[in-house]
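Colleague: I have a model open and want to learn how to read it. Can you take me through it feature by feature?

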Amino acid sequence: MNNVTFIILGATGDLTKRKLIPAIYQLVKSRTIFSFAIIGVARTRITARDLLNASKPFISDLDGKVWEKMEQCTYYDTLDFDQKKDFVKLKNIVAYAEKTHNLTGNRLFYLATLPDHFDTATVQLAES
């Protein structure tokens, strides 16, 4: 896997900051992935930098160059699982990120949200 777009729904939760972002960081640091984008969405209004900074305490031996790459490749926006227009917006963010980082559409969707949202989110993803 040399390029991937990580799309995290429910990105502001503990799972993302404690596990997902640190794991992606390790993949980048070990050069397992070279080209990537991280796209986080959730209901909370934050920035992409806020999303990443929440994970810093869970990453040991932070490499500044790797972190800078993570900052350059991370996107965040608000999303309401019940709003189709928000999933259309997500589709546009994915297209922009993949074009910007020359990615091939190898996408990994991670639902870091309550199971109650799985059905709605997957239907909305499929439709958009």
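Modeller: Start with a cut-off: a residue is buried under 20% relative accessible area, exposed over 50%, and partly exposed in between. Keep in mind that this is a predicted model.

Colleague: Let me apply that. Is Asn-102 buried or exposed?

Modeller: Asn-102 has a relative accessible area of 67%, so it is exposed. It is found in the loop between H4 and strand E4 (107-111). Look at its backbone too. Asn-102 is not a glycine, yet its phi is positive, about 55°.

Colleague: Where does Asp-61 lie, and what is its phi?

Modeller: Asp-61 lies in the loop between H2 and H3. Its phi is positive, about 55°, and Asp-61 is not a glycine either. With a relative accessible area of 65%, Asp-61 is exposed.

Colleague: And Ser-55: buried or exposed?

Modeller: Ser-55 has a relative accessible area of 0%, so it is buried. Its place is the loop between helix H2 (48-53) and H3.

Colleague: Which residues does Ser-55 touch?

Modeller: Leave out residues up to four places away in sequence. Ser-55 then touches Thr-16, Lys-17, Ile-21 and Pro-22.

Colleague: Now aromatic rings. What describes a pair?

Modeller: A pair of aromatic rings is described by the distance of the centres and the angle of the planes.

Colleague: How many aromatic pairs does the structure hold?

Modeller: It holds two. Take Tyr-25 and Trp-67: the ring centres are 6.3 Å apart and the planes stand at 50°, so this pair is tilted. Stacked would need under 30 degrees, and edge-to-face over 60.

Colleague: Where do Tyr-25 and Trp-67 sit in the chain?

Modeller: Tyr-25 is in helix H1 (residues 14-29) and Trp-67 in helix H3 (residues 64-72). They are 42 residues apart, and the pair links distant parts of the chain. Both Tyr-25 and Trp-67 are buried.

Colleague: What about Tyr-75 and Tyr-96?

Modeller: Tyr-75 and Tyr-96 form an edge-to-face pair, with 6.1 Å centre to centre and 85° between the planes. Tyr-75 lies in strand E3 (residues 74-78) and Tyr-96 in helix H4 (residues 84-100), so the pair ties together parts that are 21 residues apart in sequence.

Colleague: Next, helices. How do I describe two that pack?

Modeller: Two packed helices are described by the angle between their axes and the distance between the axes.

Colleague: What are the values for H1 and H3?

Modeller: The axes of H1 and H3 come within 10 Å and cross at roughly 115°. H1 passes H3 in a right-handed crossing.

Colleague: Which residues of H1 and H3 make the contact?

Modeller: On H1 they are Ile-21, Ile-24, Tyr-25, Val-28 and Lys-29. On H3 they are Val-66, Trp-67, Lys-69 and Met-70. By class, the contact of H1 with H3 has seven nonpolar, no polar and two charged residues.

Colleague: Which residues of H4 and H5 meet?

Modeller: Lys-84, Phe-87 and Leu-90 of H4 meet Ala-121, Gln-124, Leu-125 and Glu-127 of H5. This contact of H4 with H5 divides into four nonpolar, one polar and two charged residues.

Colleague: Where are Ser-30 and Thr-100?

Modeller: Ser-30 is in the loop between H1 and strand E2 (35-42). Its relative accessible area is 48%, so Ser-30 is partly exposed. Thr-100 is in helix H4. At 42% relative accessibility, Thr-100 counts as partly exposed.

Terms used: Residues are numbered from 1 along each chain as its sequence is written. This is a predicted model: local features need pLDDT of at least 70, side-chain atom pairs count only at pLDDT 80 or more; totals for chains, interfaces and linings use all residues. Side-chain values use heavy atoms; hydrogens and water are left out. Rings of Phe, Tyr and Trp (its six-membered ring) pair if their centres lie within 6.5 Å; planes under 30 degrees apart count as stacked, over 60 as edge-to-face and the rest as tilted. Helices (H or I, at least four residues) and strands (E, at least two) are DSSP runs, numbered from the N terminus. Buried means under 20% relative accessible area, exposed over 50%, partly exposed in between (1.4 Å probe, protein chains only). Contact means heavy atoms within 4.5 Å. Ala, Val, Leu, Ile, Met, Phe, Trp, Tyr, Cys and Pro count as nonpolar, Asp, Glu, Lys and Arg as charged, and the others, Gly among them, as polar. Axes are lines fitted to C-alpha atoms, for helices over the stretch in contact, and angles run from 0 to 180 degrees between N-to-C directions. A crossing is left-handed if the near helix is turned anticlockwise from the far one by less than a right angle, and right-handed if clockwise.
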